[in-house]
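Q: I would like to learn how to read a helix, a chain contact and the confidence scores in a model. Where do we start?

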Amino acid sequence: MKVLIPSALRSYTGHGEVEAGGATLAAVLADLERRYPGIRFRMIDEQQEIRRHIRFFLNGEQLRDLAQPLPASGELIIVQALSGG
Amino acid sequence: MTHDNTALSTPADEPAASAPGERAVVLLVATRKGAWLYHSDAARERWRVDGPHFLGHIISHLVLDPRDGRTLLAAAKTGHLGPTIFRSTDLGRSWSEARHPPAFASAAKDGEGLPGRTVDHTFWLTPGNPDQPEVWYAGTSPQGLFRSRDGGVSWAPFSCINDDPQYRRWMGSVQDGTPDGPKLHSIIVDPRDAAHLYLAMSGGGVHESVDGGLSFKPLLDQLKVVEGFDRADPTFHDPHCVRLCPSQPDRLYQQNHCGVFRLDRPSEQWLDIGRNLPAEVGDVGFPLVVHPRDADTAWVFPMDGTSVWPRTSPDGKPAVYATRDGGQSWRRLDAGLPSSQAWWTVKRQAMSADGLDPVGLYFGTTSGELWMSRDEGLHWQCIARHLPEIYAVESALLA
């Protein structure tokens, strides 16, 4: 699926839009980690929780669970949210 | 970047030239919005700025490996992203990210045991001894101790303390730490013995290991705590900065929440030397710096610890205080510093001494000013203004 990458993570991908696949959010993030080593830990902590200021949206719906099944296609948007200054 | 001080007058694209064989100095300035390097020669009269590096990143500590003189580690995070370590092997010309940054162990899946913790940021970096060329230590917030054995590429929890029930109790909760989180800091490796380690926790006290980190024990005797609390309990101890004297490794100095102290091993009793500071200045501060060749000499930067703990220069008059006799007496050193209305805060990692003779001293303020003295504190000069909030200033000599 298409994954939109926020500016804070483009040092890993080099692009604002990349491809990654998987049956769950966890699998998609694992695929991203395989392609762009280091990117997952910046979004998911060592207790497997989504970091405080990271949000995932699939086709406009927020994903809150790494185990949530995903459709085969769609647009995953990674958002850097609510922090600054 | 605008600078209005003559110390920074060398063009930014030209190195401050050093004569052949002469050592150069680099200052490693970590801020809430990135990192900067300031280069000079042994005269330390003109400085060349190199930066920003990692603009917008929160850099807690930037440290040069004294064993090779070119490897830098930077402890970084951003407002949104998790923490990491960046590494350069060419003095900051290029950077790569650690393959496995410091991260706590996962919580037990069966719900038994201690709750899992998450590294918010790496706060402190310490290179290992020369006989362990690839070893580094890291202290985190919340309090955790980590080690790398490959020059900072991969990190793993080190020692038992991260998940020891007793240590976890002493660490307290996030509410027991500094305003931006409880921290493990002041990781010290005895230069004579790589198995002899010290560390400090805010809160949680000072601890020592003599078995290479397999175990630690508190080192708190005669230290003060806030009135009304049990000083036998490490939870209530808040060491701000602990330093070992390189010229006399049995001597430690400590600036903490309640004063300035000295410890001469093998004694385990800290001596209160802050009481000898002027009462109107007080003995509270964050940084403490030791002389590289004279264990009787140390410098502190007192800040107001009264009432609601402003942690600013007392009466708005910043000064460094130096002892030349192991803390029996102190001398005020403020020539060149503002004489009034300067309400500075200097954080625990934001003061440093170089190894030259006379020693150069450096400190950075939370208001983004970088100051230096090339005569051991007798006269002060501003190197840079208008930087972001300065978290750490390290100095290093380059061959």
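A: Start with burial: a residue is buried if 20 or more other C-beta atoms, placed from the backbone, lie within 10 Å of its own. Helices (H or I, at least four residues) and strands (E, at least two) are DSSP runs, numbered from the N terminus. This is a predicted model: local features need pLDDT of at least 70, side-chain atom pairs pLDDT 80 or more, while totals for chains, interfaces and linings use all residues. Residues are numbered from 1 along each chain as its sequence is written, and chains are lettered from A in the order in which they are written.

Q: Which residues of helix H2 of chain A are buried?

A: In H2(A), residues 25-35, they are Leu25(A), Val28(A), Leu29(A) and Leu32(A). They lie on the same side of H2(A) because they cover an arc of only 95° around the axis, taken from the directions from the axis to the C-beta atoms. In general, an α-helix has 3.6 residues a turn, so residues three or four places apart point the same way.

Q: What do the buried residues of H2(A) pack against?

A: Contact means C-beta atoms, placed from the backbone, within 7 Å. The partners in chain A are strands E1 (2-4), E3 (54-58), E4 (61-63) and E5 (75-80), and helix H3 (39-43).

Q: How many residues does each chain give to the contact between chains A and B?

A: Chain A gives 14 residues and chain B gives 14. On the side of chain A, H3(A) gives the most, with three residues.

Q: What is the mean pLDDT of chain B?

A: pLDDT is the predictor's confidence in each residue, from 0 to 100. For chain B the mean is 93, and 95% of its residues reach 70 or more. Over residues 1-6 of chain B the pLDDT is below 50. Where pLDDT is low, the predicted coordinates should not be read in detail.

Note on methods. Buried ≥ 20, exposed ≤ 12 C-beta atoms within 10 Å, placed from the backbone. Contact = placed C-beta atoms within 7 Å.
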